[in-house]
Every structure is written in C-alpha cells, then in structure tokens.
Amino acid sequence: MKYIYTLLAVCCLTVATAQNHTISPVDYRNVVLKEVGDSLQMSFDIVIPALVVKSRQSLVIVPELKSNDGNSYTYGYVQLDGKNRYKTLNRTAALKKLAVDVEMPYIAETVCGCEEIVIHYAKAIPYKSWMDEGFLTRTERIIGCARNSATHAYNFGVNVEIGYRPPAIPPVAYIAPKPIVKERNEEGKAYLDFQKGQHTIDPTFRRNPQELMRIMDIIHKTTKDGDVTLHDVSIVGYASPDGNADFNEKLAGRRATSFMEYVQKMSGIPAATFKVRPQGEDWAGLREFVEEMELNQKEKVLAIIDNDAALDRKEQQLKALGAPYHKLLADIFPALRRVEYNIRYTVKDYSMTEAQKLLNSDPSKLNSYELYLLVKLYEEGSGDWNEIIKLTAELYPDEVEANINAAAVYINTGDYAKAKQCLDKVRHLPEAVHNLGIYEEMERQGLIN
C-alpha cells in the first residue's frame, strides 16, 4: 500500500477543488466535535453505500476544522480504493519505484463496492482558543484512471461544542499594612517563693535565683535598648485561697510591691513608671486548673468555686471535702501565688537601611509596615519576597494583613494547609474576600487535596 499512497498523493495535488452545492453520496452519522479538558475530540461514522466507489476508483475524504478568522486544522485523510484501482496503483508505484516521503492516510481501506460499509473515524487534538468558533468541513475526491478527478467540499453543519471550563483562577492579592505606632507589650508571670508569712523577696531562696534571672533578662531587653521608649510597668499580685481572704489580699499587695522594689533596684527604672495593685485570692485561676485536672469530687469542687458564698466560707467548704482539698493545696495553690507583670513600650521607626540590617539581626523590632516596605524591594513571588511575608505572619500572627499576605504566599507555593490556617483567622473580614475566594475556587476545581 505504501506506493499507492505516494502516487495518489501526487495525483491529488494537481486537481483543484470544485466549490459547488452537490449532494454527497456518502452519509456521515454520529458526528461529534467537542472540547473535553485540554483536547478537541472529533469523531463520526462514514457510511458508504454500495457502488459509490467503483472498482477502478479511489475516494479520498479530508476532514478539516476551520474558523471564520482564517485559522484551520487539516485532519489525516481517509483513502478508499476499489479493487482494480488498488491493483493498478500498486503495480504502477512498484514499477516507478516512487519514494515514500509524503503523508500517509489516517485510514486506508480497500472496498469491493458491492455492499454498504461503515468506517469509524475518531481523533483528538490539542485545544486552542481559536477553536471556540470552529466548525467542521470535509472534501470528497473521487479519482479515476488517467487522473480523472472530481472534488467537492461540504460542511458537516457541526460547530465546536464548548465543554465545561472551570472559572479562571486570578492571581492572589497582597495588602499593604498601614503605618502604625510600634507599641509593644512584654507580659509574664513571676512564680516567687517566700518564707512563710513573709513578703520580702529572697533572691537565694529555692527557685528564686532562676526565676528572677529570667525576669530580669526580659526587663533588661526592653529597658536597656536605645531604640526603645519605656512607658510603664504594671504589676499585679495574686494569692492562693488558703488562709484569711483579707490577709491574703494585703499579702498579695505587699508581695507585688516587693517585686516592684526589686526590679526598680536592679534596673534603675523610676518608681513613677510602675503601676502596682493586688488581685487577692485567685479563684478564677483555681477554676481553670481544676477543669483541666483529674480530681476526686471534681464537680463538687467546681460547684464550691462557683457559689456566691464569702471567700473564707468557700475555703471551709473545700477543706470539708478532705483529700481533694489537700491535693489542691499541694499541687495547685503554689502556682496561684504569683506576680504578673506587663511592660509597655514603643520601638523607634527605622530607615530602610536600618530595617535591612535588622531583618537579619532582630526582625522583631520591625513592624508589619516596615517589613512590607522591605518586601517591595524584591520581585513578587521570589524567595526573598516569600520569606519576608511568612516571617511577618510569624511575628504578628493576629494581624489581618499579615495573614492575608501569608495565605497568598502559601497558595502560590502549594502549602494549602498553612494557607487555610491563615485564612481561617480572617475569613469573616472583607479584606480577605479575594484570597479566600481563590482558595475556595481551587477547592471546587479539585486543585487542593
């Protein structure tokens, strides 16, 4: 067959296509032309009645996809040879020894012409945008001996059936934070041990050396830095519920004052900077501990904590329970005897040069606005861009812009679990609508597992 195809192709090139309105003797059924995913699928059944292709003839069918703007795609052709035509072409090609360097038919058949035959044609090609307006045509060429030929062009009357196209995913958006005053708070709890009935701090007693060292490290970090302006230090004293309530409130106040005096002495912070107050017995803290622990008669203990009796009366009710009270006394009450502190300060604003240095040495001094100014120095989506955006969210996990921008980076880099964590924090806010919509659309399209 290879010589026949070459010879026939040479013959076909010499014949012009006749544009007319004749009716094709060939029937085409089940014509499909539709977009499926990234492909255009085309198929049909060619029904060739008896005697359409005579023994000394060949029928060549060439499907073609066209659009009104001039684009086209020619499918592989179908070649049907009558028996005598096949023998003649094969013999002639063999004698002339023609080279085989032309396109081969997509489907080739030898037909007897005495009965109807049906041939199924199907082919998928990559889909391109111009095919949206595409329609299917064909040429039918009957070729006889001595190059006698008749060619007719037909439309199938079928346009491209556009498949489902998921909405396009727009690019993520980044939001610039607003310039803000860099007010900071350092909060902590001091669990200090006191001699029985005493409120004076002994720096050498039990755990106090380690506890005071930790606290003073925080104090010095925020008060010895030339970039920091200290505003105030708030100190609140707490006591456990054992003992007389009035005494415990005074004891909590005295211990808070002792803590203030110790910090003032060690740091040189002016006395006017401190705000000290007693909280007294910490029944709220006791309830939190009880809720989280395993304890006999736990419900009774919680009921006593929640009742409206006087504090000393509630302590007597707890004592009456016996073992549960002694467990609280040993395991919980020491943690309730504490001092809580809050250091409020502001950090200076930095130039871009200073900010670049701090990015590597102490980025916590930069606020989200300064970090965003730094990120704009880099190409969007680059490694440096992504790292600074993620760092901002780590430093400021509660800021709206930080979470929205970090979600954008995580979506782009495929870390969808972290993107969701960030978006869950801000999904109720209008600023998050764009990136949240992108995430949810990707979920609908199955792009997020």
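**Close-ups of side-chain contacts**

**View 1. D424 and K420 join side chains in a salt bridge, 2.9 Å from N to O.** Here, a salt bridge is a side-chain nitrogen of Lys or Arg within 4 Å of a carboxyl oxygen of Asp or Glu. The two residues sit four apart in helix α14 (residues 416-426), so about one helical turn separates them. Helices (H or I, at least four residues) and strands (E, at least two) are DSSP runs, numbered from the N terminus. This is a predicted model: local features need pLDDT of at least 70, side-chain atom pairs count only at pLDDT 80 or more, and totals for chains, interfaces and linings use all residues. Residues count from 1 along each chain as its sequence is written, and side-chain values use heavy atoms, leaving out hydrogens and water.

**View 2. R344 and D232 meet in a salt bridge too, at 2.6 Å from N to O.** This one links distant parts of the chain: R344 is in strand β13 (residues 339-347) and D232 in strand β11 (residues 228-239), 112 residues apart.

**View 3. F44 and F156 make a tilted aromatic pair, 5.2 Å centre to centre with 35 degrees between the planes.** Rings of Phe, Tyr and Trp (its six-membered ring) pair if their centres lie within 6.5 Å; planes under 30 degrees apart are stacked, over 60 edge-to-face, the rest tilted.

**View 4. The charged end of R138 sits over the ring of F156, 4.7 Å from its centre.** That label needs NZ of Lys or CZ of Arg within 6 Å of the ring centre and within 35 degrees of the ring normal.
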